[in-house]
Number of protein chains: 2
Amino acid sequence: MPDINELRDVVRGRVLTDPDDMAPFLTDWRRIWTGRALAVVQPDDAEVVAAVVRWCGDHGVAIVPQGGNTGLSGGATPLAVGACIVLSLARMKAIRTVDAVNNTITVEAGCILADVQAAAQDVNRLFPLSLAAEGSCTIGGNLATNAGGTGVLRYGNMRDLCLGLEVVTADGAVWDGLRALRKDNTGYDLRDLFIGSEGTLGVITAAVLKLFPPSVGRCVAVAALECPANALDLLHLAQTHLSGGLTGFELFSDFCLELVLHHREGARRPVEESAPWYVLIEASSATDADLANEAMQSLLEAGFEQGLVIDAALSSSEAQAEALWALREDISEAQGEAGKTIKHDVALPLSQLADFIIESEAALDARFPEVRTGVFGHVGDGNLHFNVLPRDGTPDTIVESLTGPVNKLVHDIVVARGGSISAEHGLGVLRRDESARYKSEVEMAMMRCIKHALDPRGIMNPDKLLAHDVGSLVGQGGK
Amino acid sequence: MPDINELRDVVRGRVLTDPDDMAPFLTDWRRIWTGRALAVVQPDDAEVVAAVVRWCGDHGVAIVPQGGNTGLSGGATPLAVGACIVLSLARMKAIRTVDAVNNTITVEAGCILADVQAAAQDVNRLFPLSLAAEGSCTIGGNLATNAGGTGVLRYGNMRDLCLGLEVVTADGAVWDGLRALRKDNTGYDLRDLFIGSEGTLGVITAAVLKLFPPSVGRCVAVAALECPANALDLLHLAQTHLSGGLTGFELFSDFCLELVLHHREGARRPVEESAPWYVLIEASSATDADLANEAMQSLLEAGFEQGLVIDAALSSSEAQAEALWALREDISEAQGEAGKTIKHDVALPLSQLADFIIESEAALDARFPEVRTGVFGHVGDGNLHFNVLPRDGTPDTIVESLTGPVNKLVHDIVVARGGSISAEHGLGVLRRDESARYKSEVEMAMMRCIKHALDPRGIMNPDKLLAHDVGSLVGQGGK
């Protein structure tokens with residue numbers, strides 16, 4: 001076993017080895033996975049990260065990069081076996097530069113997402129990535145998992161919002177790829193290779209992100225619908241009526257709404273009569289809130305005329321807009337309070353989405369009468385959080401025992417319809433083996449090939465995203 | 001030398017070996033590079049491409065993929081030495097599926113860009129990639145070079161427009177990565193690795209591309225300005241006033257306009273008095289042409305008020321809109337007619353762009369009085385075609401002799417200001433060695449590492465994008 005005290009000479013920053021100090025870094029926030037580590041290391045800058053990586057490479061110690069530890073797939077939690085360190089980027093939180101003319105911000109990996117949003121706002125710009133964990137998740141983690149959220153429809157996911165990266169490679173060199181350019185065709189797209197690679201190819205230490213003009217005003221509506229197919233027709237209408245002003249389009253079932261009304265004090269049904277499904281639509285304007293309101297009204301009128309919309313509520317103030325958004329945003333927590341949830345983070349071609357819901361719900365009803373679905377998600381991106389919850393009286397232990405078979409049933413249908421079993425949460429350890437089963441051997445071979453090429457010693461977050469390579473000595477405590 | 005006739009048994013499609021038949025494939029359209037090949041092979045589908053790649057791998061024959069042969073960097077032209085075939089994708093031109101609900105189209109690599117635009121229009125959708133060669137360039141080439149053009153500001157470049165790929169790998173397997181999803185976080189981003197790799201990692205045979213709601217109406221303006229800095233301030237105003245409705249923002253100097261007025265019959269100056277610089281602005285609406293016109297008027301009023309705009313012309317018909325666009329689009333050809341041109345396709349952070357023009361023009365004036373600049377480009381993306389032309393009386397031979405030193409002067413300033421020396425044209429052979437000189441050793445090492453990992457025999461378009469690897473035996477006629 002290598003002497004971890006040597007690392008104290010390498011790291012300017014912090015090296016934690018006390019079990020109590022390390023504990024918060026060794027378990028994910030949902031407390032699903034707990035692992036072990038020789039130390040938690042928190043460097044101050046990229047050169048120190050590089051020195052740590054070199055030391056680890058020399059001593060056969062694996063590295064688990066970690067940001068805000070808010071991931072949902074276990075990608076940032078160490079495993080229960082093997083010699084590794086947790087490399088926490090939490091101290092690298094500088095906002096290096098804000099360039100309002102270029103609409104870019106250069107930040108370090110440990111920056112909290114909400115702090116980046118605030119820094120953009122300070123120069124009258126918008127950083128549009130928005131997701132539930134934004135108060136504690138970090139930019140490095142957002143990049144490593146190619147995070148999504150509610151702003152993807154208009155602004156894209158994290159991949160689309162990033163222009164350049166600084167990365168410490170697996171052999172401990174610092175790559176300065178911090179380009180602030182909209183166009184650059186000078187070689188292989190290394191940036192997008194590191195984005196979404198979940199720390200398995202190198203450590204992202206800083207990034208150049210895109211900024212946008214802020215919205216001056218917005219109008220939010222919740223429309224009651226008969227079925228998901230109508231939601232897709234309404235989406236098409238919204239894309240035509242609102243064009244670039246369409247900044248949100250979210251679907252949720254009546255069951256999801258009921259959960260929120262039950263578990264959230266003050267939450268009110270937005271329309272008089274309940275309907276099977278709802279969509280939340282957000283229209284924004286960079287110049288004039290009234291414009292957003294007019295466009296939304298014209299959209300909803302068209303929706304009524306075409307028989308798509310049963311009823312709708314429209315915000316006439318920012319407070320009302322927030323209250324409508326809360327109905328959607330509180331679903332995940334309300335589901336958690338209602339019992340054990342079997343989660344699926346799937347994406348489908350929009351043309352497959354309505355039939356996918358019908359087919360999956362029917363198949364689940366037939367095979368697993370103990371559970372029912374609670375479906376919501378970023379339907380504008382084809383992304384559903386197709387969650388499965390216990391029916392009244394079903395104990396958590398039953399739900400737990402059904403997780404594997406339910407996952408398989410749902411994911412088989414997703415893949416048969418050309419979908420993805422991890423739309424925005426990444427693979428980590430949660431979906432690693434399932435994903436490998438669904439992917440072609442050609443694709444798996446290319447992924448392994450790239451892993452070996454960029455991390456030949458296998459020290460970067462081994463066993464995440466790709467299964468452990470038998471040939472690798474790393475994580476076993478020595479070369 | 002391998003017996004090329006064996007290939008005839010492998011290829012369903014065409015194998016050309018007659019020198020006259022091959023000639024058009026061996027020279028780029030600007031007639032800068034001419035190479036040699038054992039044959040020109042035109043397969044019918046991906047499985048045949050795979051068989052050709054396997055045959056070439058077995059016989060140590062290099063492969064130069066070629067689409068419409070409209071590239072500007074020599075990436076699709078064979079070299080003068082070595083044993084290779086040109087793999088023309090021209091016969092793989094099927095539009096496989098159009099999915100209007102999902103806003104996607106799946107096309108083969110040999111499809112002409114204009115045909116894809118037309119197929120989208122047939123279902124009332126827009127495929128927004130637009131560039132001068134659209135009547136003859138192919139989707140495969142657009143992907144291999146991550147093509148740009150005039151639509152990037154609103155819709156992104158080819159990378160942003162592609163959801164999935166079918167690729168024949170360097171060992172002759174077909175990878176079906178034809179996903180039609182907006183979100184998919186299941187492993188490494190192989191798609192973006194192949195996009196922009198100029199045929200050096202594999203052969204793109206088909207792609208899933210994004211479609212958008214079409215514009216119903218547009219308004220085009222040409223505004224006269226004092227300097228590029230004012231263009232950038234006006235861009236910021238336009239992004240705020242027009243938001244997602246801003247679909248074009250192009251800069252050109254008065255000298256460029258003069259060339260077009262001189263060389264194009266019927267071209268007329270859009271404003272009464274000449275000014276040093278002009279921007280062309282396009283506003284689009286998905287619902288209402290009048291809305292685009294109103295938004296443009298309000299933008300230009302704000303531009304006048306802030307002292308940015310000297311004078312402006314506004315289209316009040318589609319014919320006028322086209323006439324204004326022609327002033328910008330004809331610049332490249334008008335420059336060609338005016339004499340030998342030294343081209344630069346550079347990108348800069350917007351905050352560096354105005355100073356870059358001032359610094360580069362001053363440096364060129366001081367060192368090379370025989371030439372002058374003719375600057376135009378997609379300024380909204382920070383992308384300038386910073387071309388250099390002879391002053392009256394300077395013979396082409398002088399311009400030719402100055403190409404290297406002028407390139408170096410301009411590109412040194414670009415790189416010092418954080419820019420790119422190939423914004424949208426790729427490296428090919430034209431910018432390969434220059435790019436390598438400017439890039440860090442860390443980045444070059446990662447690129448070589450990926451090349452070796454995915455194309456270990458070095459058969460895929462050797463010597464393009466990356467310089468020839470001494471260890472490779474391929475292209476020398478045998479293993």
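# Reading helix and strand packing in a predicted model

Tutor: In this predicted model, the axes of helix α14 (residues 350-367) and helix α15 (residues 396-416) of chain A come within 10 Å and cross at roughly 150°. Residues are numbered from 1 along each chain as its sequence is written, chains are lettered from A in the order in which they are written, and side-chain values use heavy atoms, without hydrogens and water. Local features need pLDDT of at least 70 and side-chain atom pairs count only at pLDDT 80 or more, while totals for chains, interfaces and linings use all residues.

Student: How are α14(A) and α15(A) oriented to each other, roughly parallel or roughly antiparallel?

Tutor: Two packed helices are described by the angle between their axes and the distance between the axes. Axes are lines fitted to C-alpha atoms, for helices over the stretch in contact, and angles run from 0 to 180 degrees between N-to-C directions. Angles under 35 degrees count as roughly parallel, over 145 as roughly antiparallel, 65 to 115 as roughly perpendicular and the rest as oblique. α14(A) and α15(A) are therefore roughly antiparallel. Their crossing is right-handed (the near helix is turned clockwise from the far one by less than a right angle).

Student: Which residues make the contact of α14(A) with α15(A)?

Tutor: Contact means heavy atoms within 4.5 Å. From α14(A) come A:Phe356, A:Glu359, A:Ser360, A:Ala363, A:Leu364 and A:Arg367. α15(A) supplies A:Pro405, A:Val406, A:Leu409, A:Val410, A:Ile413 and A:Val414. By class, there are 9 nonpolar, 1 polar and 2 charged residues. Here Ala, Val, Leu, Ile, Met, Phe, Trp, Tyr, Cys and Pro count as nonpolar, Asp, Glu, Lys and Arg as charged, and the others, Gly among them, as polar.

Student: In what order do the 4 strands of the open sheet in chain A run?

Tutor: Strands of a sheet pair through backbone hydrogen bonds, either parallel or antiparallel. Two strands pair if DSSP finds at least two bridges between them. Helices (H or I, at least four residues) and strands (E, at least two) are DSSP runs, numbered from the N terminus. The order is β1-β2-β4-β3, with mixed pairing. β1 (13-16) and β3 (62-66) are the edge strands, each pairing on one side only. Neighbouring strands are turned by 20° against each other on average, direction ignored. β1(A) pairs with β2 (residues 39-43) in the antiparallel sense over 4 bridges. A:Val15 has A:Val41 as its bridge partner in β2(A).

Student: Which strands does helix α2 of chain A lie across?

Tutor: Helix α2 (residues 19-26) lies across β1, β2, β3 and β4 (84-88) of chain A, at about 80° to β2(A). Helix α3 (residues 46-59) also packs on the sheet, touching β2, β3 and β4 of chain A. Its direction makes about 170° with that of β4(A).

Student: Is strand β7 of chain B mostly covered or mostly open, and how many of its residues are buried?

Tutor: Buried means under 20% relative accessible area, exposed over 50%, partly exposed in between (1.4 Å probe, protein chains only). β7(B) (residues 162-169) is mostly covered, with 8 of its 8 residues buried.

Student: How many bridges join β7(B) to β9(B)?

Tutor: β7(B) and β9 (residues 202-210) pair in the antiparallel sense over 7 bridges. B:Thr169 stands opposite B:Gly202 there. β7(B) also pairs with β8 (residues 174-177), antiparallel, over 4 bridges. In that hairpin, B:Gly172 takes a positive phi near 80°.
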